[in-house]
Amino acid sequence: HPGRVARITRRQIERLEAAGIATMSALADAAGRDVPGIDAARMDWLVRQAALQCASANADKLPFHLVEAPPEAKTGLTALPDASPLDVFFDIEGFPLDGDGLDYLWGCSYHDQNGEKQFRDWWGHDVRAERRAFEGFIDWVMARWRKDPSMHVYHYAPYEKTALRNLMSRYATREYEVDDLLRNEVLVDLYPVVTQSMRISLPSYSIKKIEAFY
(Lines give C-alpha, C1' and ligand atoms only; values in the text may rest on other atoms or scores of the structure.)
Protein backbone atom coordinates (compact mmCIF):
# COMPACT_ATOMS: atom_id res chain seq x y z
CA HIS A 1 0.00 0.00 0.00
CA PRO A 2 1.36 3.50 -0.76
CA GLY A 3 0.71 4.37 2.89
CA ARG A 4 3.94 2.50 3.60
CA VAL A 5 5.90 5.25 1.85
CA ALA A 6 7.61 7.52 4.36
CA ARG A 7 6.16 11.01 4.83
CA ILE A 8 3.30 10.50 2.38
CA THR A 9 -0.03 12.12 3.25
CA ARG A 10 -3.56 10.74 3.02
CA ARG A 11 -4.48 13.32 0.39
CA GLN A 12 -1.47 12.37 -1.72
CA ILE A 13 -2.48 8.70 -1.48
CA GLU A 14 -5.99 9.56 -2.66
CA ARG A 15 -4.63 11.53 -5.61
CA LEU A 16 -2.21 8.76 -6.54
CA GLU A 17 -4.99 6.18 -6.45
CA ALA A 18 -7.19 8.43 -8.60
CA ALA A 19 -4.35 8.43 -11.13
CA GLY A 20 -4.16 4.62 -11.06
CA ILE A 21 -1.14 4.38 -8.74
CA ALA A 22 -2.38 2.15 -5.96
CA THR A 23 0.76 0.41 -4.61
CA MET A 24 4.21 1.38 -3.43
CA SER A 25 5.83 -0.52 -6.30
CA ALA A 26 3.59 1.27 -8.81
CA LEU A 27 4.67 4.58 -7.30
CA ALA A 28 8.31 3.51 -7.56
CA ASP A 29 7.76 2.97 -11.31
CA ALA A 30 5.94 6.29 -11.82
CA ALA A 31 8.94 8.48 -12.61
CA GLY A 32 7.90 11.35 -14.86
CA ARG A 33 4.17 10.81 -14.26
CA ASP A 34 2.03 13.90 -13.86
CA VAL A 35 -0.47 13.43 -11.03
CA PRO A 36 -3.08 16.19 -10.58
CA GLY A 37 -2.77 17.86 -7.19
CA ILE A 38 0.84 16.77 -6.55
CA ASP A 39 3.53 19.15 -7.76
CA ALA A 40 6.43 17.76 -9.78
CA ALA A 41 9.07 18.18 -7.07
CA ARG A 42 6.97 16.39 -4.45
CA MET A 43 6.06 13.64 -6.91
CA ASP A 44 9.73 13.13 -7.71
CA TRP A 45 10.50 12.84 -3.97
CA LEU A 46 7.71 10.27 -3.46
CA VAL A 47 8.82 8.20 -6.45
CA ARG A 48 12.43 8.12 -5.27
CA GLN A 49 11.38 7.30 -1.70
CA ALA A 50 9.13 4.46 -2.87
CA ALA A 51 11.86 3.08 -5.13
CA LEU A 52 14.37 3.12 -2.28
CA GLN A 53 11.98 1.30 0.06
CA CYS A 54 11.19 -1.30 -2.61
CA ALA A 55 14.92 -1.84 -3.19
CA SER A 56 15.44 -2.53 0.50
CA ALA A 57 13.01 -5.47 0.59
CA ASN A 58 15.65 -8.14 -0.10
CA ALA A 59 18.78 -6.12 0.62
CA ASP A 60 21.40 -7.37 3.07
CA LYS A 61 22.17 -3.76 4.04
CA LEU A 62 19.61 -0.96 4.16
CA PRO A 63 20.29 1.46 1.29
CA PHE A 64 20.19 5.25 1.62
CA HIS A 65 20.96 8.25 -0.54
CA LEU A 66 22.59 11.49 0.50
CA VAL A 67 20.98 14.63 -0.91
CA GLU A 68 23.39 17.43 -1.70
CA ALA A 69 22.20 21.02 -1.65
CA PRO A 70 24.11 24.06 -2.88
CA PRO A 71 25.69 25.99 0.01
CA GLU A 72 23.61 29.07 -0.73
CA ALA A 73 20.41 27.07 -0.22
CA LYS A 74 20.88 26.88 3.57
CA THR A 75 18.94 23.62 3.76
CA GLY A 76 19.89 20.26 5.18
CA LEU A 77 23.43 20.02 6.46
CA THR A 78 24.30 23.47 5.13
CA ALA A 79 21.73 24.94 7.54
CA LEU A 80 23.60 23.71 10.61
CA PRO A 81 25.33 26.37 12.72
CA ASP A 82 28.98 26.07 13.70
CA ALA A 83 29.66 23.78 16.64
CA SER A 84 30.23 25.12 20.14
CA PRO A 85 31.81 23.22 23.06
CA LEU A 86 28.70 24.16 25.07
CA ASP A 87 26.20 22.67 22.60
CA VAL A 88 23.41 20.54 24.09
CA PHE A 89 21.45 17.62 22.63
CA PHE A 90 18.00 17.60 24.16
CA ASP A 91 15.05 15.20 24.35
CA ILE A 92 11.81 15.10 26.33
CA GLU A 93 9.85 11.98 27.20
CA GLY A 94 6.16 12.64 27.72
CA PHE A 95 3.21 10.64 29.07
CA PRO A 96 0.03 11.82 27.31
CA LEU A 97 -2.42 9.85 29.48
CA ASP A 98 -1.79 11.80 32.68
CA GLY A 99 -4.35 14.65 32.78
CA ASP A 100 -3.32 17.16 30.13
CA GLY A 101 -0.10 15.22 29.61
CA LEU A 102 3.07 15.10 31.67
CA ASP A 103 6.58 15.80 30.40
CA TYR A 104 8.24 13.54 32.93
CA LEU A 105 11.85 13.26 31.71
CA TRP A 106 14.13 15.98 30.37
CA GLY A 107 17.43 14.58 29.16
CA CYS A 108 20.49 16.42 27.84
CA SER A 109 23.72 15.09 26.38
CA TYR A 110 26.69 17.47 26.33
CA HIS A 111 30.47 17.59 26.67
CA ASP A 112 32.26 18.74 29.80
CA GLN A 113 35.32 21.01 29.82
CA ASN A 114 37.54 17.97 29.18
CA GLY A 115 35.52 16.96 26.14
CA GLU A 116 33.99 13.96 27.87
CA LYS A 117 30.36 13.08 27.16
CA GLN A 118 27.99 13.79 30.02
CA PHE A 119 24.26 13.36 30.60
CA ARG A 120 21.99 15.49 32.72
CA ASP A 121 18.35 14.79 33.50
CA TRP A 122 15.39 16.37 35.25
CA TRP A 123 12.43 14.24 36.33
CA GLY A 124 8.82 15.27 36.80
CA HIS A 125 6.60 12.57 38.27
CA ASP A 126 3.77 15.05 38.95
CA VAL A 127 2.85 18.57 37.85
CA ARG A 128 4.89 20.25 40.59
CA ALA A 129 7.98 18.29 39.67
CA GLU A 130 7.27 18.93 35.97
CA ARG A 131 7.37 22.66 36.65
CA ARG A 132 10.65 22.32 38.57
CA ALA A 133 12.11 20.25 35.71
CA PHE A 134 11.06 22.90 33.18
CA GLU A 135 12.53 25.74 35.24
CA GLY A 136 15.71 23.79 35.99
CA PHE A 137 16.28 22.99 32.34
CA ILE A 138 15.68 26.57 31.19
CA ASP A 139 17.96 28.02 33.89
CA TRP A 140 20.72 25.55 33.00
CA VAL A 141 20.50 26.33 29.27
CA MET A 142 20.39 30.07 29.87
CA ALA A 143 23.56 29.88 31.95
CA ARG A 144 25.36 28.06 29.14
CA TRP A 145 24.03 30.50 26.53
CA ARG A 146 25.20 33.52 28.53
CA LYS A 147 28.63 31.94 28.74
CA ASP A 148 28.72 31.27 24.97
CA PRO A 149 26.10 32.98 22.74
CA SER A 150 27.14 30.70 19.87
CA MET A 151 25.90 27.53 21.59
CA HIS A 152 22.75 25.72 20.45
CA VAL A 153 20.28 23.21 21.79
CA TYR A 154 19.62 20.42 19.26
CA HIS A 155 16.43 18.36 19.26
CA TYR A 156 14.66 16.07 16.80
CA ALA A 157 11.18 17.06 15.55
CA PRO A 158 9.12 19.95 16.97
CA TYR A 159 7.87 18.37 20.21
CA GLU A 160 10.51 19.93 22.48
CA LYS A 161 9.97 23.45 21.18
CA THR A 162 6.19 23.07 21.49
CA ALA A 163 6.52 21.72 25.04
CA LEU A 164 8.58 24.73 26.11
CA ARG A 165 5.91 27.11 24.80
CA ASN A 166 3.10 25.14 26.45
CA LEU A 167 4.77 24.88 29.85
CA MET A 168 5.79 28.53 29.79
CA SER A 169 2.11 29.42 29.34
CA ARG A 170 0.73 26.80 31.71
CA TYR A 171 2.93 27.76 34.65
CA ALA A 172 3.44 31.47 33.81
CA THR A 173 7.18 31.19 34.42
CA ARG A 174 10.39 31.66 32.41
CA GLU A 175 8.45 33.49 29.66
CA TYR A 176 11.23 35.95 28.86
CA GLU A 177 13.89 33.25 28.85
CA VAL A 178 11.96 30.95 26.51
CA ASP A 179 11.16 33.89 24.24
CA ASP A 180 14.84 34.85 24.10
CA LEU A 181 15.87 31.30 23.22
CA LEU A 182 13.28 31.00 20.47
CA ARG A 183 13.80 34.46 18.96
CA ASN A 184 17.55 33.93 18.83
CA GLU A 185 17.12 30.47 17.26
CA VAL A 186 19.09 28.77 19.99
CA LEU A 187 16.95 25.64 19.52
CA VAL A 188 17.77 23.75 16.31
CA ASP A 189 15.41 21.07 15.01
CA LEU A 190 17.44 18.27 13.39
CA TYR A 191 14.42 16.60 11.76
CA PRO A 192 14.34 18.90 8.70
CA VAL A 193 18.14 18.75 8.56
CA VAL A 194 17.91 14.97 8.20
CA THR A 195 14.96 14.86 5.79
CA GLN A 196 16.59 17.47 3.54
CA SER A 197 19.98 15.72 3.64
CA MET A 198 19.24 12.05 3.14
CA ARG A 199 16.66 9.61 1.85
CA ILE A 200 16.38 6.36 3.80
CA SER A 201 14.81 3.04 2.86
CA LEU A 202 12.42 2.75 5.83
CA PRO A 203 8.76 3.86 6.11
CA SER A 204 9.52 6.48 8.76
CA TYR A 205 12.10 9.17 9.51
CA SER A 206 11.63 8.89 13.26
CA ILE A 207 14.87 9.09 15.22
CA LYS A 208 14.56 5.41 16.14
CA LYS A 209 14.45 4.50 12.43
CA ILE A 210 17.29 6.87 11.55
CA GLU A 211 19.45 5.09 14.13
CA ALA A 212 19.80 2.14 11.73
CA PHE A 213 21.88 4.38 9.46
CA TYR A 214 24.23 5.93 12.03
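Helices (H or I, at least four residues) and strands (E, at least two) are DSSP runs numbered from the N terminus. The model is a predicted one, in which local features need pLDDT of at least 70 and side-chain atom pairs count only at pLDDT 80 or more, whereas totals for chains, interfaces and linings use all residues. Residues are numbered from 1 along each chain as its sequence is written, and side-chain values use heavy atoms, with hydrogens and water left out.

The buried residues of α4 (under 20% relative accessible area, with exposed meaning over 50% and partly exposed in between, for a 1.4 Å probe and protein chains only) include A129, A133, F134, F137, I138, W140 and W145, together with the charged E130, E135 and R144. The buried residues of this helix pack against strands β2 (88-95), β3 (102-111), β4 (117-123) and β5 (153-155), and also against helices α5 and α6 (175-183), contact being defined as heavy atoms within 4.5 Å.

Two packed helices are described by the angle and the distance between their axes. The axes of α4 (residues 127-147) and α5 (residues 159-171) come within 11 Å and cross at roughly 120 degrees, where axes are lines fitted to C-alpha atoms over the stretch in contact and angles run from 0 to 180 degrees between N-to-C directions. The pair is therefore oblique, given that angles under 35 degrees count as roughly parallel, over 145 as roughly antiparallel, 65 to 115 as roughly perpendicular and the rest as oblique. On the α4 side, V127, E130, R131, F134, F137 and I138 meet L164, L167, M168, R170 and Y171 of α5. The residues of this contact divide into 8 nonpolar, no polar and 3 charged.

In strand β7 (residues 198-200) lies R199, which counts as buried because its relative accessibility is 10%. The C-alpha atoms of R199 and Q49 are separated by 6.8 Å, although the two residues are 150 residues apart along the chain. Residues up to four places away in sequence not being counted, R199 touches W45, R48, Q49, L52, F64, H65, V67 and Y205.

Over the chain as a whole, there are 8 helices and 7 strands, and buried residues make up 39% of the 214 residues.
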